[in-house]
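Keep the viewer open and follow along section by section.

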Amino acid sequence: MDFSFQDLSGTFSVADIAIAMSLSFVLSAMIGWVYRATHRNVSYSQSYVQTLVILGMLISLIMLVVGSNIARAFALVGALSVVRFRNAIKETRDVGFIFLVMGVGMAVGTRFYLLAIVAAVAISLIIVVMHRFNWFQLNVRRQVVKVQVPSDEDYTASIQDVLIRHTDEFELVSMESIRAGALTELMYTVKIKKGSEPADVISALRERNHGQSVTVLTGYDQTDL
């Protein structure tokens, strides 16, 4: 029985390893800084950005190991198929950054260095330009307005009078009895007029519903008084 082993590290040189690890780190870190600079919402995670850098380097390492060996590639697929990730991706653009660092890592690991550099820089510049000029923004100011009114009277007409003054269009979505029938909650989808703000709508509605709760829900935050 032969207990000898063969070290396959000689299939790539120390220079290959150093270049792959260094270049994948630099490009992944650059992508991480682009992600940080262009992030808009409150869901920013330092851990996620650090994971992007680690993932880029890890993919480069994996591609060095796999090389052009089909058997290793299938073994890698089998090993990764048992891994389960339970952290939910908060934004769709986060998925794009994951695939970006994976693509760059694969290019570096397979020694397409120029391709990795050009692709990382070009795509990063596109992301920065889209962020800077706010591409594909939809300037439709739609909100959801929830108004609570006493159930002993019909306040629909007075509420709609306020919405006519402050919105371009509105639609009653639901009407629900709450607090054991003491209050009625009306829910509208509205498009607030230019020059009006959610706070203006809230103030006007509170004058009509005897100080009961009024809530304006937007796509980014919630104003509640």
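## Annotated spans

The UniProt record, an unreviewed entry, carries the annotation "transmembrane region" for residues 12-35, 47-71 and 112-133. What you have on screen is a predicted model, and we can look at how it draws two of these spans.

Residues 12-35 are 92% helix and 0% strand in the model, with 32 Å between the C-alpha atoms at the ends. For residues 112-133 the model gives 91% helix and 0% strand, and here the end C-alpha atoms are 32 Å apart.

## The chain as a whole

Stepping back, the chain has seven helices and five strands. Reading from the N terminus, their order is α-α-α-α-α-β-α-β-β-α-β-β.

The chain has 225 residues, and 31% of them count as buried. Among contacts with a separation of 6 or more, 71% are between residues 24 or more positions apart.

## Helix α2 and a pair of residues

Ile62 is a handy landmark in helix α2, which covers residues 46-66. Its relative accessible area is 18%, and because buried means under 20%, Ile62 counts as buried.

Now look for Thr110, which is 48 residues away from Ile62 along the chain. The C-alpha atoms of Ile62 and Thr110 are separated by 9.6 Å.

## Either side of helix α5

Two loop residues are worth a look for their backbone angles. Arg111 sits in the loop between α4 (92-109) and α5; its phi is near 70°, a positive value in a residue other than glycine. With a relative accessible area of 40%, Arg111 is partly exposed.

Asn134 lies in the loop between α5 and β1. Phi of Asn134 is also positive, near 55°, and this residue too is not glycine. Its relative accessible area of 30% makes Asn134 partly exposed.

## A nonpolar patch

Which residues form a nonpolar patch on the surface? They are Ile126, Val129, Met130, Phe133, Trp135 and Phe136, and together they have about 650 Å² of accessible area.

One of these patch residues, Met130, belongs to helix α5, which spans residues 113-132. Met130 counts as partly exposed, at 30% relative accessibility.

Helix α6 covers residues 156-166, and its buried residues are Thr156, Ile159, Val162, Leu163 and His166. Why do they line one face of the helix? Viewed down the axis of α6, the buried residues fall within an arc of 130°, so they share one face. As a reminder, an α-helix has 3.6 residues a turn, so residues three or four places apart point the same way.

What do the buried residues of α6 pack against? Their partners are the strands β1 (142-150), β2 (167-178) and β3 (183-192), together with helix α7 (198-206). On the face turned away from the buried side, α6 carries the exposed residues Ala157 and Ile164.

Terms used. Residues are numbered from 1 along each chain as its sequence is written. This is a predicted model: local features need pLDDT of at least 70, side-chain atom pairs count only at pLDDT 80 or more; totals for chains, interfaces and linings use all residues. Side-chain values use heavy atoms; hydrogens and water are left out. Patches are made of residues with over 30% relative accessible area and no salt bridge: like charges are joined within 9 Å, nonpolar side chains (Val, Leu, Ile, Met, Phe, Trp, Tyr) within 5 Å. Accessible areas come from the Shrake-Rupley method with a 1.4 Å probe; for residues, only the protein chains shown count as cover. A salt bridge is a side-chain nitrogen of Lys or Arg within 4 Å of a carboxyl oxygen of Asp or Glu. Helices (H or I, at least four residues) and strands (E, at least two) are DSSP runs, numbered from the N terminus. Buried means under 20% relative accessible area, exposed over 50%, partly exposed in between (1.4 Å probe, protein chains only). UniProt positions are given in the numbering used here, feature names are shortened, and annotations may be inferred rather than shown by experiment. Contact means heavy atoms within 4.5 Å. The arc is that of the directions from the helix axis to the C-beta atoms.
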